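Good morning, and thank you for coming. Please look at the model on the screen while I go through some of its features.

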Amino acid sequence: MRGIAHARWAAGVIAAGLLATGCGDSGGFGGAGVLTSSWGDPQNPLEPANTNEVQGGKVLDMIFRGLKKYDPRTGKAQNWLAASIDTGDSRNFTIKVKDGWTFSNGEKVTARSFVDAWNYGASLRNNQKNAYFFAYIDGYDKVHPDSGTQTADTLSGLRVTGPDTFTVRLNQKFSSFPDTLGYAAFAPLPRAFFTDHAAWLKKPVGNGPYRIESYTRGSAMNLRKWAGYPGPDKAQNAGVTLLVYTDSNTAYTDVLAGNLDLVDDVPSTQLKNVETDLNGRYINTPAGILQTLAFPYYDPKWDTPGATKVRTGLSMAINRRQITETIFRGTRTPATDWTSPVLGAAGGYKPGLCGHACDYDPAQAKKLIQEGGGIPGGQLKITYNADTGSHKQWVDAVCNSINNTLGNDKACVGNPVGTFADFRNQIGQHKMTGPFRAGWQMDYPLIQNFLQPLYYTGASSNDGKWSNSRFDRLVDRANAETGQAAAVRLFQQAEEVVRDNMAAIPLWYQNGSAGYASRLSHVALNPFSVPVYNEIRVG
Amino acid sequence: MGRYVARRLLQMIPVFIGSTLLIFLMVNVMGDPIAGLCGERACDPATAAQLKREFGLDKPLWQQYLTYMGNVFTGDFGTAFNGQPVTELMATAFPVTIRLTIVAILFEIVVGVTLGVLTGMRRGRPVDTGVLLSTLVVISVPTFVTGLLLQLLLGIKWQWISPSVRYGSFDELIVPGLVLASVSLAYVTRLTRTSIAENKRADYVRTAIAKGLPRRRVVVRHLLRNSLIPVVTFIGADIGALMGGAIVTERIFNIHGVGFQLYQGILRQNTQTVVGFVTVLVLVFLVANLLVDLLYAVLDPRIRYA
Amino acid sequence: MPDQQYEPERAIAGTGMGGAMDLGASEAATLERTPGGPEGTGPAGKPRSLWSDAWRDLRRNPVFLVSAVVILFLVFISVWPSAIASGSPLKCDLAKAQDGPGPGAPFGYDGQGCNVYTRTVYGARTSVTVGVLATLGVGVLGSVLGALAGYFGGVWDSILSRITDIFFAIPVVLGGLVLLSVVTSNTVWPVIGFMVLLGWPQIGRISRGSVITAKQNDYVQAARALGASDSRILLRHIAPNAVAPVIVVATIALGTYIALEATLSYLGVGLKPPSVSWGIDISAASPYIRNAPHALLWPSGALALTVLAFIMLGDAVRDALDPKLR
């Protein structure tokens, strides 16, 4: 009898609950002038040199300003906290920090704020995942040896020469080094970061247009406009509340229901409806992301002249236009080179550099693959990780395109791997036997960043272990070049080497997409596909 | 009875050790978790080695396990890769998941048993067929779709509910609870129906009716009580499954609960998170099963435990 | 049905065991002799088995006949899909993605431009194999272990139940990612094996609970008093009375196993292309529910039909095994 009484009580509660929700509540987090935006739980602690994914990057972009800042529209690096960055030899740089900048806790931003932060970021003992950004600075091998323990605590290439000036000595010529300094890893850090690290992590303090008011890890972060921000890019809204969503589809639904103001990742399955759903409040702008298929060159089957023909043939068997239109609804653009449109022509983007090899030409594709001796191993298995993104959709579409070209249902199949970690493990252990998914999101808008880390012999992201001495030489020469135009020309020559060997098949340039509520205006995404929060106006 | 409970509680110790060891081994079999931490590029070897050392991943497995268990007994469940203590994750994840489970179980009990009694009493009638057909829909359409549809219809079209859960209060969890319970509802309904149909013809029911007891009393006190054992067994086993397996529901409705944390932990191969959460879930299973076994004796007094 | 008067009365709630125990041993002995009713006695006075009786009942049950026809049809298209579907399920044309029905494609096209009709027909083999074999495996392993634990009790029960608890605790996602990611074979066997390994505790607990209830019945006590062996008691007296919940859960589980195969594929550890199954198609079509519901409808419908057939079959078998209905 007790059970039944219990059940009756429960029915009452449920009925009451339904009535209560019927009234509906909206917002709650927003408030006057504060917008709510979708967020993902950052994978690493929010230290500048330890954040290597876009969700943590979003926060850093709001609470930090560095020596340089990339223009949210053109991607061009402009001096921000730097008054000047001078060099005579592309190797020794003198950096002067502008006066008048402070952290939001009142502490002055000095040359030391930068040098301390960079030393912290480079030091092996701090486990900073972006430490390799400091690898060009002299003394990095002492602070961060490949194995064993470090023999120095600070980079010998960094020297504070005055309250506002410091010098940087690199271990090689790198003319575009100043342009890399807009990356978050190079942000200055306040003393509080070093003196009370745990407290800083709970509530990071920076020098950007926003300050963190409260941070509940795993669910929400409240950022408020910092009234004392000295820079010209002051926040045009009262604040931003980042809400963690477990699924971008839910965030999108919440925007439709008026519970959320901004979703910066519209799920591809909703793209067909997005224009009508949001009545035009949808942006789709190029971002510095290139998707490619990489190949395992440690597998001798793929390291032959015949295989080069096969790769070119495969590239021509992929109907990029159809896939980007049907699967991605225009949020990807067929790639015709190995960089990104966000670089601009002056920055090194050269549409059509790939030439006919990136055109869809089934007849020629079939011919090339046959001439090259057919697909090594008989079946093409495209490996990808199944846990993030909608990779299955495009891998299946690419395979269908190749299968239709070759007239063989089983010529190409997708080969999912359960987790990203396992995927990376298999790549690291050289277990790939065929092409695998490779996405590259630029760290800074330079052509160098699209080529050197990916194709230079032994480079950090050269997962396929491709190696070509001509390419390496061209990159070295380009880095030593002082004039930007001359450097870009050399990089493009190196890119042509990539093309002639079809080292990786370029698939498409990825856009950033966002949908927003009607109370927002001036919404834009920067070339890193992060919303330009400080420009958004509410109401 | 007291001794029986004590014995069962003692049995929890080997189960606890066995399952934590098993889960610990399983997460480790998945390979090196550090590889996933550096994004699309390989971690530089020095940092990877240092991280391994810091998380204790460089030690032999048995040593890792002993250290971990030693810490667990002092209440330290370790830290996730983002530096958050696992106990902190638990403190935010378990309350909302427990509320969600309560809602789901209530649906199973109230709706499932009611429908089961109704269809069991009217076997072969239209109401029976109707419930069977809706059961089929629930079984053959993935939770993902039912969840999304309800979210779209109730959340956007009709604006009855908020499409996502923000505070995790009971009223927000009604629709997610229903979605979570949907497949189990099918089981409970059909289990109750079969039991009721089977016992309907039992002599004690006839006797009770012959005695002139009101029909309602016969159904509730005699028939239902004797038919509940399989249902109670199922629900008892379901509690743990609902708590740990709400991955899809929690994702759709943006609930930061146990299922979500567990899924994240598994994908990121975060041993500390996974083993910690599963350990707590094992305890929940053990207690739920003990309660179910005790309920057997309440429902059927002939069942005794020594 | 003269048998019915011997049907032992279950304890009326609240009255304890007293009334039930009144039933004399002689009556129970009668029951023991004639489990199948008057017609059940064969020529040599040997009782016809419960199972052959059940089979006689089944053949006359329209519910059974309908479900049998559906199941035979499923078996037919599993063995010979090209009989009713032309073309290859792997032939997909992205230009037709999400299109509605057209010539040769009565069910339309899915998100990749594959023919939904062809894929649904070809998917039957994998899905029915996975569903039926996993259910059989889980059913047999779970009910045997559960019955043993419930019948013998004591140490046996403790050991088996605690093993059950441990298996219950393994999250499906973790188990799948760990156990299936090491498998390179792209056949249904690892998937089925995985489902049996993680699925048996559910049936095990249900079966244990039913056996614990059934073994309290007086006819069991009586049979034991008469010296019947454990295996005879379990098979002849307890199994028919305890099997109903197991059948109910197993028939529904059949559908969930077919769906679970999709989850595993979605996680990247289940069947990989070029395998074709309803589960894979359902999970691929689910995100497109707003724009191309037909791609979801047909494989889901096929799954529903299969589950319906097996639920009906289960119902019919259960009825046939229930001596009280005779």
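I begin with a definition: a crossing of two helices is left-handed if the near helix is turned anticlockwise from the far one by less than a right angle, and right-handed if clockwise. Helices (H or I, at least four residues) and strands (E, at least two) are DSSP runs, numbered from the N terminus. By that convention, H7(C) passes H8(C) in a right-handed crossing.

This is a predicted model, in which local features need pLDDT of at least 70, side-chain atom pairs count only at pLDDT 80 or more, and totals for chains, interfaces and linings use all residues. Residues are numbered from 1 along each chain as its sequence is written, while chains are lettered from A and ligands numbered from 1 in the order in which they are written.

Let us stay with the two helices of chain C. Helix H7 of chain C covers residues 172-180 and helix H8 of chain C covers residues 188-214; they pack at an angle of about 140°, with their axes 11 Å apart. Axes here are lines fitted to C-alpha atoms, for helices over the stretch in contact, and angles run from 0 to 180 degrees between N-to-C directions. H7(C) is therefore oblique to H8(C), since angles under 35 degrees count as roughly parallel, over 145 as roughly antiparallel, 65 to 115 as roughly perpendicular and the rest as oblique.

Which residues of H7(C) make the contact? They are Val172(C), Gly175(C), Gly176(C), Leu179(C) and Leu180(C), and they meet Pro190(C), Phe194(C) and Leu198(C) of H8(C). Two residues are in contact if their C-beta atoms, placed from the backbone, lie within 7 Å.

I turn now to chain A, which has 18 helices and 19 strands. Its radius of gyration, taken over C-alpha atoms, is 25 Å, close to the 24 Å that the globule rule gives for 539 residues, so chain A is as compact as a globular protein of that length. The globule rule is 2.2 Å times the number of residues to the power 0.38.

Ser518(A) lies in the loop between strand E17 (504-516) and strand E18 (520-521). Is Ser518(A) buried or exposed? Ser518(A) counts as exposed because it has 10 C-beta neighbours inside 10 Å; the cut-offs are 20 or more for buried, 12 or fewer for exposed, and partly exposed in between. Ser518(A) and Arg281(A) are 237 residues apart in sequence, yet 7.2 Å apart in space, C-alpha to C-alpha.

Finally, the contact between chains takes 53 residues from chain B and 54 residues from chain A.
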